[in-house]
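Here is a short note for a colleague meeting this structure for the first time. Please read it with the model open.

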Amino acid sequence: MQRPPMREEITRLYRGIIAGAHPVLRRVTVQDWSGGEHLPEGGFVIASNHISNVDHFPLGHFLVDHGRAPHFLAKSSLFKPPGVKQIMQGTGQIPVFRGTTRASDSLAAATAALRDGACVCVYPEGTITRERDFWPMTGKSGAARLALETGCPLVPMAIWGTHEILEPYSGRYVPSLRPPRTVSVRVGAPLDLDDLRGQPLTQAVLREATDRLMSRITALLEEIRGEKAPEHRFDPRTDVPARGKSKKGKA
């Protein structure tokens, strides 16, 4: 498959990584993809559910094969190791400084990237889901804020299958690459936020936009899985985590 040209300027380093990773990903995953026609021109925010530490690779693979260079909001700790730091910076990834005085820097950097025509990737749950059956949790407002502040489209995406490559919270750090796992990616049409655009970005407005986003991501995942999600969306602030550590430190 010949990939379409990128719709934004990207670095030589990024192109080299793409050239090396593309054939590997083709060998170790089976692609079940749809919805690429919904990807807009110019800058946009794409928001996905999060079920594994390897989600970034097939999501990036999907976007690159549809002519876009993904710019992920990533934990600032990933920018520290030598070599990795140069790769993250050289490919335009955006550090997130959680719990520090620089926490707002990531939104400023993402806003600038969107206005330059970039595709900014966000996991609105903020972490890998802790819901027992891998359904999406409640979302944080960052993706909605970026879309409403910049006027850029907010595009929902769902992914499924990566948890079979590397299951989260299992204590296993080596991905299972054989046999190739089917990884499904579905992209929906940009959310209709016209009634919210131009309003002050109050908590109520951001919550409404975020709830619409999480509902659409969940609906896309229901399509992939062929089953209905629970009526109650898991909230890690109030519900007992089914994955990882609870507030009391127990699994």
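What share of the 251 residues in the chain is buried? Buried residues make up 49%. Buried means under 20% relative accessible area, exposed means over 50%, and partly exposed lies in between (1.4 Å probe, protein chains only).

1. **Basis.** This is a predicted model, in which local features need pLDDT of at least 70, side-chain atom pairs count only at pLDDT 80 or more, and totals for chains, interfaces and linings use all residues. Residues are numbered from 1 along each chain as its sequence is written, and side-chain values use heavy atoms, with hydrogens and water left out.

2. **Overall layout.** The chain has six helices and seven strands. Along the sequence they follow the pattern α-β-β-α-β-α-β-α-β-α-β-β-α. Helices (H or I, at least four residues) and strands (E, at least two) are DSSP runs, numbered from the N terminus. Of the contacts with a separation of 6 or more, 74% come from residues 24 or more positions apart. Contact means heavy atoms within 4.5 Å.

3. **Strand 7.** Look at residues 181–187. This strand is mostly covered, with six of its seven residues buried. Strand 1 (residues 29–34) runs parallel to strand 7, joined by six bridges. Thr-29 has Arg-181 as its bridge partner there. Strand 6 runs antiparallel to strand 7, with four bridges. Met-157 is partnered with Val-187. Two strands pair if DSSP finds at least two bridges between them.

4. **Two cores.** The largest nonpolar core has 28 residues, of which Ile-46, Val-185 and Val-187 touch the most other members. Strand 6 gives the most to this core, with five residues. Apart from it lies another core, of 25 residues, among them Val-45, Leu-114, Val-122 and Ala-147. A nonpolar core is a set of buried Ala, Val, Leu, Ile, Met, Phe, Trp, Tyr and Cys residues joined through side-chain atoms within 4.5 Å.

5. **Helix 2.** Residues 56–65 form a mostly covered helix, with eight of its 10 residues buried. Among them are Pro-58, His-61 and Asp-65. Gly-67 follows helix 2, and its phi is positive, near 85°.

6. **Aromatic pairs.** How many does a search of the whole structure find? There are three aromatic pairs. One is stacked: Phe-72 and Tyr-123, 6.2 Å centre to centre and 25° between the planes. Phe-72 lies in strand 3 (residues 70–75) and Tyr-123 in the loop between strand 5 (119–122) and helix 5 (142–150), so the pair ties together parts 51 residues apart in sequence. Both residues, Phe-72 and Tyr-123, are buried. Phe-134 and Trp-160 form an edge-to-face pair, at 6.2 Å and 75°. Rings of Phe, Tyr and Trp (its six-membered ring) pair if their centres lie within 6.5 Å; planes under 30 degrees apart count as stacked, over 60 as edge-to-face and the rest as tilted.

7. **Arg-225.** Its charged end sits over the ring of Trp-135, 3.8 Å from the centre. The charged end of Arg-225 also sits over the ring of Trp-160, 4.1 Å from the centre. A charge sits over a ring if NZ of Lys or CZ of Arg is within 6 Å of the ring centre and within 35 degrees of the ring normal.
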